[in-house]
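Visitor: I have a model to go through. Can you walk me around it?

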Amino acid sequence: MNILLVNDDGYNSKGINILKEAINKYGNIYIIAPESQRSGASHSFTYRGPFYLNKMKENEYSLNALPVDCVRLAKVLDVDFDLVISGINDGLNLGTDILYSGTLGAAREALIENIPAVAISTDIDSFDIVEKEISEVLKLVFEKKLYSKRYVLNINFPTKNYVSSKGIKVTKAGKKIFDTIFVKNEDHYDVSYELVTLDKKTDTDVNLAEEGYITMVPVGLNETNKNGIKILKDKLDR
């Protein structure tokens with residue numbers, strides 16, 4: 001099995017190194033990661049190069065581009081990849097985080113290219129729980145074949161309030177709303193702080209992570225609002 005590891009935190013990040021060690025027994029591991037931090041890149045990609053793919057170790061590369069580019073450029077390795085895993089991200093990707101996340105952007109790009117993809121994230125600077133439980137999570141992913149060409153498997157560890165998880169919950173994405181406060185500083189604006197409103201619905205990844213669970217959410221590519229189709233048709237038929 002050929003497995004491509006990518007991320008948005010950069011080649012030297014702690015998360016991708018933890019992932020590499022934990023997943024090594026499941027196949028041939030390749031890494032292409034941005035040469036620097038690219039968080040918040042979402043599904044952005046570099047329209048034109050030049051692309052500099054720098055070999056760091058055997059089958060490991062850093063790239064002067066974005067997370068999505070890491071998946072796109074993987075074709076130059078002339079390897080048929082069976083799975084792409086993006087992460088482990090230093091920061092949760094819950095609910096509406098999915099829209100901003102370079103971690104999820106890279107995983108979605110794999111899905112577009114017909115490769116199953118998994119995205120894995122943890123709370124900021126919260127790798128102790130990952131190091132303790134990532135092996136069991138990956139064992140489930142591979143033994144039960146939880147990955148698919150129909151969705152990105154988005155896995156999040158609990159918030160940093162927990163030193164161990166209460167288990168795994170398959171659920172849906174909730175809402176996590178950011179209200180960023182900007183302060184004028186002479187000729188520019190700085191971010192002062194962010195107010196974050198969390199979803200209180202009990203059956204969402206946002207709430208379950210707060211309650212101490214590892215969450216798994218299948219994230220698809222089709223963003224069509226089915227209720228919206230009915231609303232539009234009804235209005236056009238009047």
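Guide: What follows goes over the overall fold and then one residue.

Visitor: What kind of model is it?

Guide: The model is predicted.

Visitor: How many helices and strands does the protein chain have?

Guide: DSSP gives the protein chain 7 helices and 11 strands.

Visitor: What share of the residues is buried?

Guide: Of the 238 residues, 48% are buried. The exposed surface comes to about 12900 Å², with 49% of that from carbon and sulfur atoms.

Visitor: And the contacts, how many join residues at least 24 apart?

Guide: Taking contacts between residues at least 6 apart in sequence, 75% join residues at least 24 apart.

Visitor: Now charges. How far apart are the mean positions?

Guide: The mean positions of the 30 positive and 34 negative charges are 7 Å apart.

Visitor: Switching to Ile 85. Where is it?

Guide: Ile 85 lies in strand S5, which covers residues 83-90.

Visitor: Is Ile 85 buried or exposed, and why?

Guide: Ile 85 counts as buried because its relative accessible area is 1%, and buried means under 20%.

Visitor: Which residues is Ile 85 in contact with, leaving aside neighbours within four places in sequence?

Guide: Ile 85 is in contact with Ile 3, Leu 4, Leu 5, Val 6, Leu 19, Ile 23, Val 118, Ile 120 and Phe 142. As for Val 118, it is 33 residues from Ile 85 along the chain, and their C-alpha atoms are separated by 4.7 Å.

How values were computed: Residues numbered from 1 in each chain as written. Predicted model: local features only at pLDDT ≥ 70, side-chain atom pairs only at ≥ 80, totals over all residues. Heavy atoms only, no water. Helix = DSSP H or I, 4+ residues; strand = E, 2+ residues; numbered from the N terminus. Buried < 20%, exposed > 50% of the residue type's maximum accessible area, 1.4 Å probe, protein only. Contact = heavy atoms within 4.5 Å. Areas by Shrake-Rupley, 256 points an atom, 1.4 Å probe, with all protein chains shown as cover. Lys, Arg positive; Asp, Glu negative; His and termini not counted. Charge placed at Lys NZ, Arg CZ, Asp CG, Glu CD.
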